[in-house]
Amino acid sequence: MTASADYGEKIPNNVDLHEDRRLQRALESWQPNFLSWWESMGPTLPTQDVYLRTAVDVGREGWAHFGHVAMRDYRWGIFLSERDPDRRIGFGAHKGEPAWQKVPGEYRADLRRLIVIQGDTEPASVEQQRNLGATAPSLYDLRNLFQVNVEEGRHLWAMVYLLHAHFGREGREEAEELLHRNSGSEESPRILGAFNEETPDWLSFFMFTYFTDRDGKYQLGTLKESGFDPLSRTCEFMLKEEAHHMMVGTTGIDRVVERTVQLMLEHDTDDIAPYGGIPLGVVQKYLNFHYSVSLDLFGGETSSNVANYYTAGLKGRWMEGRRKDDHRLTDDAVMVDALVDGTIGQTEVAALVGLNTDLRREYVADCQSGVNRWNRILADAGLPQRLKLPSVAFNRQVGAFAGIEATPDGEPLTAEEWAAQKGAWLPDDVDKAHVRSLMRPVHERGRIASWIAPPRNGINGRPFDYDYVHLA
Ligand SMILES: [Fe+2]
Ligand SMILES: [Fe+2]
């Protein structure tokens, strides 16, 4: 097992691909399909080259190389974190047994399903974001968009490698399907709802990278705990790349709020739309939307499937190793959100069945940290307004609250009340049209659009006005 990538190969990898000719050939025959998917469904803005990070190693230091590359020549590779030969399963019925290097027969279908669902989200976001390059607020942002896109492409490679290496013909078929489903398609949509929504503007993009990519971070965190060691190691390395996607979202919204605050102070009004900014109320509505559809990605508050995945050792909890319990949870109980006599309350269930809620709680706390950060920008400017995460019952399509409507404060509403008032809480046509009207490309070095503040730092020590992208 070599940690560094072999870049002499067609498919850069640290999994000794050349030692398994069959697997190598299978992946080499998938590669042109991936590239034609990238050409037809990937970024539409023509570029000569982009200042991109490419994964070249999995060590703590120097795992990535930065340089200008033509995107179609990007070296998508297969990287697993280094193997710990003593690793043991950390939870469930197999706790304490050596981690599996091969798929256990009885869990084959479940593991394949988990990998396919994760894999499906990766190319989906590239598809959702494909037209954003045309309206980038700066070359710096354009570069970040493309960085996220190529890495989501690499994450697809990561999942396809597992499918090819461990799931035989069915795995290869699933790998093909991952390229055939498309975000928003009528005939063959992506598996999860949030990945069929549009990402039509950059405010949506930043909200997506903050809220929806963050769901990905939590899902990867649970798969990193998996008893199936190749999956665990793959996810561990993906999480490293994911940190940059989180940064893009967090600082993107920081910068929107910063600019909004500037304009509010300068013009002494909340209504900064005429001055080329995004009003805080519109930011809140976008937040409400992206947060609520991202909560849906966690599934129902209770799930017997997820209980089974945990007991089987396939999918753990966030930071499983730091939990101070028996890591089996067979006798434990937990409170989960529920509809109780028509109102929003809680109910007690077996801890195993409530694992989706456990993960969602970690996620919600993490989301709150972003909101606190944006509110500090408001507070530091002496403004009384604050942003807020809506109630878990707001705008839900999945889980306990799918059947009801509620205000962002969690007050139940009738269907008529909801229809009459939802425009106050979710982006309406006027909001969307305004945001879209601001989406004019700024493709000159060192310049920035009217609706967003420049970043504090550039990428890899480069200044903001660096030539991050050369357009075609
Ligand atoms: Fe990803
Ligand atoms: Fe991501």
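Tutor: The radius of gyration is taken over C-alpha atoms, and the globule rule is 2.2 Å times the number of residues to the power 0.38. Keep in mind that this is a predicted model.

Student: How do you know that the radius of gyration agrees with that of a compact globule?

Tutor: For 472 residues the rule gives a value near 23 Å, and the protein has 23 Å, so the two agree. Along the principal axes, the C-alpha atoms fill a box of roughly 65 × 60 × 40 Å.

Student: What makes a residue count as buried?

Tutor: A residue is buried if 20 or more other C-beta atoms lie within 10 Å of its own. Of the 472 residues in the protein, 46% are buried.

Student: Which secondary structure elements does the protein have?

Tutor: There are 11 helices and seven strands. Strands S2, S1 and S7 form, in that order, an open sheet with antiparallel pairing.

Student: Why are S2 and S7 said to stand at the edges?

Tutor: Strand S2 (64-69) and strand S7 (469-471) each have a single partner strand, so one side of each is left without a neighbour in the sheet. Neighbouring strands of this sheet are turned by 15° against each other on average, direction ignored.

Student: How do you know that S1 and S7 pair?

Tutor: Pairing needs at least two bridges. Three bridges join S1 (residues 47-55) to S7, therefore the two strands pair. Asp 49 has His 470 in S7 as its bridge partner.

Student: What packs on the sheet?

Tutor: Helix H3 (residues 139-166) does, touching S1 and S7. The direction of H3 makes about 55° with that of S1.

Methods. Residues numbered from 1 in each chain as written. Chains lettered and ligands numbered in written order. Predicted model: local features only at pLDDT ≥ 70, side-chain atom pairs only at ≥ 80, totals over all residues. Helix = DSSP H or I, 4+ residues; strand = E, 2+ residues; numbered from the N terminus. Buried ≥ 20, exposed ≤ 12 C-beta atoms within 10 Å, placed from the backbone. Axes fitted to C-alpha atoms, helices over the stretch in contact; angles between N-to-C directions. Contact = placed C-beta atoms within 7 Å.
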